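Good morning, and thank you for joining this meeting. Please look at the sequence and the structure as they come up.

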Amino acid sequence: MSVPTAKSLILKAQDNIETAKTNMNDDKQHDVAGYNLAQACELFLKALLEMRELEYPHDEEGHDLDSLMAILEEEGMAEISSHADVIELTQYNDARAHVRPDERLDLKEYLAYTEDLKKLVGEQLRLF
């Protein structure tokens, strides 16, 4: 179990959340805020994987929130399923992403989903 690695990922994810909050109300920074929320979710999922010593992809697939979540589900972490809404952030999970205005997510709603995932990660970390 790599709790130190998980803790490092969690701290980085918190930085991403703060950056997203800073940019959330600026329409011109929508993609930046979305990217940072997606990054936070990716890092939270990877922290959960690290805590369980589970392998995950380190290539492009490693940025796919659905793939990361599927590994956790396959390994018996049923409670992760209730956080599936964050998967929709995958479209932002590239620093070069440009999401068309008509396809944009309500990032305030997804901030709440990200914060819920953060709570789950914190609960899991306390178990280790």
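I shall speak about charged side chains and their partners. Please keep in mind that this is a predicted model.

Let me begin with the general point. Side chains of opposite charge can pair when their charged atoms come close. A search of the whole structure finds nine salt bridges.

Consider helix 2, which spans residues 30–51. Here glutamate 42 and lysine 46 form a salt bridge, with their closest N and O atoms 2.7 Å apart. The two residues are four places apart in the helix, so about one helical turn separates them. Glutamate 42 is buried at 3% relative accessible area, and lysine 46 is buried at 10%.

Helix 4, residues 107–127, holds a pair set three residues apart, lysine 119 and aspartate 116. Their side chains meet in a salt bridge at 3.8 Å, N to O. Lysine 119 is exposed, at 52% relative accessibility, whereas aspartate 116 is partly exposed, at 35%.

There is also a network of salt bridges, which links Glu18, Lys21, Glu115 and Lys118.

Now to a residue without such a partner. Aspartate 31 also lies in helix 2. Which side chain of opposite charge is nearest to aspartate 31, and how far away is it? That side chain is arginine 104, at 4.7 Å. A salt bridge requires the nitrogen and the oxygen to be within 4 Å, so this buried aspartate has none. What, then, lies around aspartate 31? Beyond its sequence neighbours up to four places away, aspartate 31 touches Tyr92, Ala97, His98 and Val99. A polar atom of the aspartate 31 side chain lies 3.3 Å from the backbone nitrogen of valine 99.

Thank you for your attention.

Technical notes: Residues are numbered from 1 along each chain as its sequence is written. This is a predicted model: local features need pLDDT of at least 70, side-chain atom pairs count only at pLDDT 80 or more; totals for chains, interfaces and linings use all residues. Side-chain values use heavy atoms; hydrogens and water are left out. Buried means under 20% relative accessible area, exposed over 50%, partly exposed in between (1.4 Å probe, protein chains only). Lys and Arg count as positive and Asp and Glu as negative; His and the chain ends are not counted. A polar contact is a pair of N or O atoms within 3.5 Å; within protein, one must be able to donate a hydrogen and the other to accept it, and residues adjacent in sequence count only if both atoms are side-chain atoms. Contact means heavy atoms within 4.5 Å.
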